[in-house]
Amino acid sequence: MTSDAILSVRNVTKRFGGRGDFIARGLSRIGLAEPNAVVHAVEDVSFDLRKGEVLGVVGESGCGKSTLGRMVAGLLDPSEGEIVAQASGATTGALPMQMIFQDPFSSLNPRKRVSELIGEAPRVHGIVPPDALDAYVADMMDRCGVDGNYRDRFAHQFSGGQRQRIGIARALAVRPEILVCDEAVSALDVSIQAQIVNLFMDLRDELGLTYIFISHDLGVVEHISDRILVMYLGRIVESGPAEQIFADPQHPYTRALIEGVPRLERRRTVYAPIKGDIPSPIDPPKGCHFHPRCPLAQPQCKVERPALRDIAGGRQAACHLIERPAKKEISIG
Amino acid sequence: MTSVLNVKDLHTSFVMPDLTIAALQGVSLSVDKGEILGLVGESGSGKTLTGFSINRLLSAPGRVVQGEVLLHGQDVLSLGEEDMRHLRGRRIAMIFQDPMMTLNPVLRIETQMRDALRAHEKMSKAMARTRAIAALDEVGIPAPESRLRSYPHELSGGMRQRVAIAIALLHQPDVIIADEPTTALDVTIQGQILSLVQNLCRDRGTALIWITHDLAVVAGIADRLAVMYAGRVVEIGPVDDLLDAPAHPYTRGLIDSVPARGQRGQRLKQIPGRMPALTELPVGCSFAPRCEHAKAACAALPDMTALDAERSVRCFYPLAEGSA
């Protein structure tokens, strides 16, 4: 772990399925059933997270970005590898990692008042004394842009944007240092989305928070992130500083992804999309996972898995066709 | 140029015994042959309801209380239910957001396409099959013969949406209303669907109304844009004019809310507040409470005012060219 990293993810792999229950295992042993399929949701992912940085994780559905976020937040245990967080321990009882979810409707308990939603965790973990809890909850709400006087209401009495703010207040109430935002603005309207993105940036400045920002919306990720991880079928295919990745993507998949993003200034675009669907993670292609859709695929790509290695500019990419730092320019048409 | 579809002063309300909610309050728009109109708005703005009203898919208590929907000059709203059945799917087709909801989960793709074909044209099973294969081929589905045997759940999201598009195109409709058809899809798949729809409409001269909340998506494909707010069109015009020099403060706000390139890390300009509920709309301009330019006159309702031949805006103080 480097000195300024507050989170270190080392060779993390997550597999789902496989073992099956007692009967399934019995049947497969006597040859009456196929063994359960194993999904490699995340495969051998490593990265460091520096204090105060925003790491954007992008990729299409099924690429493992949410599974990765859940492992970082401690909601899932990795099958292999380790995740080490280095909390400063400034506040007793503080929980270093919190998660903000996509859907502000299903992530708040409809039968609890907002004061309880936000106040329960700090009370249980002894972060605030019981007599100060009420003021603490109101302060958290105000900080996130919801009127603290409404703390005795239920979640359904708020609009979608306000509910997302309550979700953020709930996460902040246990004084975390890392927030994992899994598609936290995707379900919101454009004008509300801008409000929440601004709130995230304000909180970062005020509280020195570190974010893992998971989204399929590359526009938002580009706006907010310092560094980007691009994932495809459970593996990192490219990572590096956000500016460089968006200005000069190296991996063919990253290129396809960035070129596919609709933008306001692209009028009457003739889209030249990348072919095909994302393959099933149960039976991913051999070699480079991206080769069946890659316009540049070589015979080598079908058999050999490209390793994630350093390329120019402090970046990493997993592609056989990218030259090592010395020869930077490659022509991909 | 005569428009294929012309919507005039459409009012749709939900009429209940003790309460009437006016959801659409005078929507007017038109699409020409081969033209793509982007209909943009946030949730609750009435964009989907406009599509449903045009195609007469409203269910009680929703109903059109005023206005005209003219398809080649013929008023769709005055047709009987039987005539409407002949028209729907044949001359006005619809593509929905979630293809899992439009496709019947217990029928094979072939059955669904055959039913759609034979609802409007007399043809043999074999003929229907040939037409279905051709339609699937056209939307870029590999191995269409074998795909016909599939059930919807056996296809990926992008494939399902292609099937839905193929069904919409079966009868070469004059107008297609596409309601957020790419919202549920991944970026690369969205690109595929956009390019597909774009090419098909251009080649066949089909008029397309593309309903979405995402300005960036329609910026790429639309010729003209209509922006809706709280049940009214607030601005309509050619895509370049509207995006480069929006006249309505709401349009301006929407554009500024989208993260743009080269502004990394900066605060996004945000519109304060949120869209009012339809039950508590302000009397005058419905955007006035959130508008930084609002003045006393905004307590009255502004009319749609033409700025030039192709552009109009519903605002007393339209933003001047180039102002922020």
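Which residues of chain B does UniProt list for "domain: ABC transporter"? In the unreviewed UniProt entry, this domain is assigned to residues 5-255 of chain B. In the predicted model examined here, that stretch of chain B is 39% helix and 28% strand, and its end C-alpha atoms lie 27 Å apart.

Salt bridges were considered next. Across all chains, a search of the whole structure finds 27 salt bridges. One of them joins the side chains of A:Arg235 and A:Glu43, with an N to O distance of 3.6 Å. Because A:Arg235 belongs to strand S9 (residues 235-241) of chain A and A:Glu43 to strand S2 (residues 38-50) of chain A, this pair ties together parts that are 192 residues apart in sequence.

In chain B, B:Glu138 forms a salt bridge with B:Arg204, the closest N and O atoms being separated by 2.7 Å. B:Glu138 lies in helix H5 (residues 125-138) of chain B and B:Arg204 in helix H8 (residues 187-204) of chain B, so that parts 66 residues apart in sequence are tied together by the pair. Here B:Glu138 counts as partly exposed at 42% relative accessibility, and B:Arg204 counts as partly exposed at 22%.

A:Arg163, located in helix H5 (residues 160-172) of chain A, is buried yet has no salt bridge. The nearest side chain of opposite charge, that of A:Asp103, is 7.1 Å away, and a salt bridge requires the nitrogen and the carboxyl oxygen to lie within 4 Å. With neighbours within four places in sequence left aside, the residues in contact with A:Arg163 are A:Pro104, A:Phe105, A:Leu108, A:Ala155, A:His156 and A:Phe158.

A:Lys65 is found in helix H2 (residues 65-72) of chain A and is buried, with a relative accessible area of 7%. Its C-alpha atom is 9.0 Å from that of A:Val230, although A:Lys65 and A:Val230 are 165 residues apart in sequence. Apart from neighbours within four places in sequence, A:Lys65 is in contact with several residues, among them A:Val57, A:Val58, A:Glu60, A:Glu183, A:Ile214, A:His216 and A:Met231.

A:Ile178 of strand S6 (residues 178-182) of chain A is likewise buried, with a relative accessible area of 2%. The C-alpha atoms of A:Ile178 and A:Pro96 are separated by 6.1 Å, while the two residues are 82 residues apart along the chain. When residues up to four places away in sequence are not counted, A:Ile178 touches A:Ile6, A:Leu7, A:Leu49, A:Pro96, A:Met97, A:Gln98 and A:Thr210.

Helix H6 (residues 190-207) of chain A comprises 18 residues and reaches 26 Å from its first C-alpha to its last, which is close to the 26 Å expected at 1.5 Å a residue. This helix, H6(A), is mostly covered, with 13 of its 18 residues buried. Just after H6(A), A:Gly208 adopts a positive phi of about 65°.

The cysteines were also inspected. A search of the whole structure finds zero disulfides over all chains. For A:Cys63, which is in no disulfide, the nearest cysteine sulfur is that of A:Cys288, 14 Å away, and A:Cys63 counts as buried at 2% relative accessibility. A:Cys301 is also in no disulfide, the nearest cysteine sulfur again being that of A:Cys288, at 5.9 Å. At 6% relative accessibility, A:Cys301 counts as buried.

Note on methods: Residues numbered from 1 in each chain as written. Chains lettered and ligands numbered in written order. Predicted model: local features only at pLDDT ≥ 70, side-chain atom pairs only at ≥ 80, totals over all residues. Heavy atoms only, no water. UniProt positions renumbered as here; feature names shortened; annotations may be inferred. Helix = DSSP H or I, 4+ residues; strand = E, 2+ residues; numbered from the N terminus. Buried < 20%, exposed > 50% of the residue type's maximum accessible area, 1.4 Å probe, protein only. Lys, Arg positive; Asp, Glu negative; His and termini not counted. Contact = heavy atoms within 4.5 Å. Expected span 1.5 Å × (residues − 1). Disulfide = S-S within 2.5 Å.
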